[in-house]
Amino acid sequence: MSHEYPDLELWSNEVRAISCASISVEVTADDLRCPMLQSRVTSGNSQDERLSTAVHLITQRVQYEAYKYEGTVLSVRVVTPNKAMRDRKPVVAIVNAVLGYGLPPLVRVAAYCGRTVATVNTYFAVS
Amino acid sequence: MIQAHEDDCARATLAALAVRAELLGNESRTQFSAVSCGVASGYVFSGALGCTTSAISAESRSAASAAGGFFSATRRYDVIGDTVERAASICSQIRQGKLDCSSWAAVDDTTAEAIGSMLACSKAVSCRTALVYV
């Protein structure tokens, strides 16, 4: 499937009024053990594999709901929680998603096609 | 002021609530135990940010790989500004338990003012945050 995109440098740099939604999902060890998630793991069954599947599931949900309301998924990032972030809970990863509402339609289209705008940086360092 | 929709504040809030409901699941479909969302509205700088990979030295790239990290210095479309930070801050307050939002989305005062006539907006829980329920 091929699409024609304008060059990134052609998109204007400007100050815009937008609404920004920040969503944070705590993924615990118990969440990774739920049957629904295990049934979706395609290869292996290690915690890393289950976490990878969970991140994929979260990204799908975020993208679907964001585009339903004509927004843009600006980023989906996985961070390894430190001791303070865990707060005595068995949190293995925190997935942070940022949605933007008020950006140009061209950006929304490019993000929807998975090109350039929405980068999913996954960094698994589960301790 | 350039805007895509007149009701971007409401769209952002509804999307955040929808993501939250989907990821939390229900009694028959438990998914993730803790999902928090914060919404803020205001001015941001939008455009192509970051540097191109070719502008980074090979030593920096190899050092990042050797450290076991990913190399994310890419030029892409993004937004930066206080609004993004404020949304993340509200989200962080919920995660730390400073705001009790069991079935609500926390929005800043600008967003609450904009969506006041569209969505049910509760009393402000702090001077700069309100809760929205659909």
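Reader: How far is the sulfur of C20(A) from the closest cysteine sulfur, and which residue holds that sulfur?

Author: A disulfide is a covalent bond between the sulfur atoms of two cysteines. In this predicted model, the closest cysteine sulfur to that of C20(A) belongs to C91(B) and lies 10 Å away, too far for a bond. The cut-off for a disulfide is a sulfur pair within 2.5 Å.

Reader: What about C91(B): which cysteine sulfur is nearest to its own?

Author: That of C37(B), at 6.9 Å. C91(B) is in no disulfide.

Reader: How many disulfides are there over all chains?

Author: The count is zero.

Reader: Among contacts in chain B between residues at least 6 apart in sequence, what share joins residues at least 24 apart?

Author: The share is 61%. A contact here requires heavy atoms within 4.5 Å.

Reader: What share of chain B counts as buried, and what is its accessible surface?

Author: Chain B has 134 residues, and 40% of them count as buried. The accessible surface of chain B is about 6,800 Å², with 52% belonging to carbon and sulfur atoms.

Technical notes
Residues numbered from 1 in each chain as written. Chains lettered and ligands numbered in written order. Predicted model: local features only at pLDDT ≥ 70, side-chain atom pairs only at ≥ 80, totals over all residues. Heavy atoms only, no water. Buried < 20%, exposed > 50% of the residue type's maximum accessible area, 1.4 Å probe, protein only. Areas by Shrake-Rupley, 256 points an atom, 1.4 Å probe, with all protein chains shown as cover.
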